[in-house]
Structure formats: C-alpha cells, structure tokens
Amino acid sequence: MKRRARSGFLRGFAAGAMSRIAESRRAVIDESGAGTELVLVSRRSRVDAAVDALATKSARARRGADATSFAFGHRSGLNARTGGQAAVAG
C-alpha cells in the first residue's frame, strides 16, 4: 500500500511540475517573442531524438496510482520551484 501511495505521489508531482514548467515556458515565449520559441523548438527536437534513441522495453501491467496521493503530489508539483526564481539568495 505504501508503494502504491508513493507511486501516486510521484506521478502527481510530475504532472503538477510539468504543468508549472509549461506555464512558465508560455510566459517566457510571450514576453520574449518568436525568436525564443524557435530556440526552444530546436532544443525540444534534440531531446525528443535522444529519448527516441533510448532502448526501452515493455513493463508488466500495474495497478493505478492511489488517487489521494496523486492529488497531493500534483498540488505539491504545482508549488515546486522549477527555476523561475532563484532558490537561494545570494
């Protein structure tokens, strides 16, 4: 049960952090203009190519994540520090 809850939290956190990063990306592109979008698209294609090159295999079927843990993790992911501001002063 703990493993399922931990998995749910991690999945939720990842989904929340991904949403926050996507929001930040949209804001940066809106503020900076089309040139920034072109740079980010170029980087994204390189990342996609690297991921496609990874050797992956099918995993066994698993039960779904714990819904309560997923929700808590998602909320935590939305509040995560994703690089928008410095984590430490100095």
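Let's start with Phe 9, which is partly exposed because its relative accessible area is 26%; that class sits between buried, under 20%, and exposed, over 50%, with a 1.4 Å probe and protein chains only. Before I go on, what you see is a predicted model, in which local features need pLDDT of at least 70, side-chain atom pairs count only at pLDDT 80 or more, and totals for chains, interfaces and linings use all residues. Residues are numbered from 1 along each chain as its sequence is written, and side-chain values use heavy atoms, with hydrogens and water left out.

Back to the phenylalanines. How many aromatic pairs does the structure hold? There are 2. The rings of Phe 9 and Phe 72 have centres 5.7 Å apart and planes at 40°, so this pair is tilted. Phe 9 sits in helix α1 and Phe 72 in helix α3 (residues 67-78), 63 residues apart, and the pair links distant parts of the chain. For the cut-offs, rings of Phe, Tyr and Trp (its six-membered ring) pair if their centres lie within 6.5 Å; planes under 30 degrees apart are stacked, over 60 edge-to-face, and the rest tilted. Phe 72 is partly exposed, at a relative accessible area of 46%. Ring pairs also bring in Phe 13, giving a cluster of Phe 9, Phe 13 and Phe 72.

Now let me step back to the whole chain. You can count 3 helices and 0 strands, and reading along the sequence gives the pattern α-α-α. Helices here are DSSP runs (H or I, at least four residues) and strands are runs of E (at least two), numbered from the N terminus. Buried residues make up 10% of the 90 residues in the chain. The chain exposes about 7,500 Å², and carbon and sulfur atoms supply 56% of that area. Those accessible areas come from the Shrake-Rupley method with a 1.4 Å probe, and for residues, only the protein chains shown count as cover.

Contact here means heavy atoms within 4.5 Å.

Is Ser 69 buried or exposed? Ser 69 counts as buried, because its relative accessibility is 14%. Leaving aside residues up to four places away in sequence, Ser 69 touches Ala 5, Gly 8 and Phe 9. Its side chain also joins that of Asp 66 through a polar contact of 2.8 Å. A polar contact is a pair of N or O atoms within 3.5 Å; within protein, one must be able to donate a hydrogen and the other to accept it, and residues adjacent in sequence count only if both atoms are side-chain atoms.

Ala 67 also lies in helix α3, and at 60% relative accessibility Ala 67 counts as exposed.

Over on helix α1 (residues 2-32) we find Arg 6, which is exposed, with a relative accessible area of 54%. From Arg 6 to Phe 70, 64 residues apart along the chain, the C-alpha atoms are separated by 8.7 Å.

Further along helix α1 comes Ala 17. Ala 17 counts as buried, because its relative accessibility is 12%. Which residues does Ala 17 touch, not counting residues up to four places away in sequence? They are Gly 77, Leu 78 and Thr 82. For Leu 78, 61 residues apart from Ala 17 along the chain, the C-alpha separation is 5.4 Å.

After α3, have a look at Gly 83 in the following segment. Gly 83 counts as exposed, at 65% relative accessibility. Gly 83 and Ile 21 are 62 residues apart in sequence and 8.6 Å apart in space, C-alpha to C-alpha.

Last stop, helix α2 (residues 34-53), where we find Val 47. Val 47, Val 51 and Leu 54 form a nonpolar surface patch with about 280 Å² of accessible area together. Patches are made of residues with over 30% relative accessible area and no salt bridge, with like charges joined within 9 Å and nonpolar side chains (Val, Leu, Ile, Met, Phe, Trp, Tyr) within 5 Å. A salt bridge puts a side-chain nitrogen of Lys or Arg within 4 Å of a carboxyl oxygen of Asp or Glu.
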